[in-house]
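I opened my notebook to record what I looked up in this structure. The entries follow in the order I made them.

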Amino acid sequence: MQNNQWILEEAAYAKEHGIAIDVEGISYEDKSQTELLKVLEHGSYMLDYEGDALGRIIALHVDRVGPSEKPSYKSLRCTKK
């Protein structure tokens, strides 16, 4: 939970100010922090802020980061023998 605490704080701020929140494209505006925390436990996430033409933040998008699948190519990294 410690790693994602900052995301919970940002989501709470957004909710308090009427900013739309979605996680992986699913709206979380009406869900509790407990429900959001359950989702955040399953990986690393990043925040993306969406602004309007006047520069105001109108939406907060939370997306999972990291490789979605193993690369199909062989690594070119040097390995010790």
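I worked from a predicted model. I found H61 in strand β4.

Entry two: partners of H61. I looked for polar contacts of its side chain. One, of 2.3 Å, joins the side chains of H61 and D22. Another, of 2.7 Å, links the side chain of H61 to that of E50. Setting aside neighbours within four places in sequence, I listed D22, M46, L47, D48 and E50 as in contact with H61.

Entry three: helix α2. I asked which residues of α2 (residues 33–40) are buried. They are L36, L37 and L40. These residues cover an arc of only 100° around the axis, so they sit on the same side of α2. I noted the general rule that an α-helix has 3.6 residues a turn, so residues three or four places apart point the same way. On the other side of α2, I found T34 and K38 exposed. The cover over the buried residues of α2 includes α1 (5–16), β1 (20–23), β3 (44–51) and β4 (57–65).

I counted 15 residues in the largest nonpolar core. Among those with the most contacts inside it are L36, L40, Y45 and V62. Two or more residues each come from α1, β1, α2, β3 and β4. The most come from α1, which gives 4.

Leaving out neighbours within four places in sequence, I found Y45 in contact with residues including I7, V23, L40 and V62.

Key:
Residues numbered from 1 in each chain as written. Predicted model: local features only at pLDDT ≥ 70, side-chain atom pairs only at ≥ 80, totals over all residues. Heavy atoms only, no water. Buried < 20%, exposed > 50% of the residue type's maximum accessible area, 1.4 Å probe, protein only. Arc of directions from axis to C-beta. Contact = heavy atoms within 4.5 Å. Polar contact = N/O pair within 3.5 Å; in protein donor to acceptor, adjacent residues only side chain to side chain. Core = buried A, V, L, I, M, F, W, Y, C linked by side-chain atoms within 4.5 Å.
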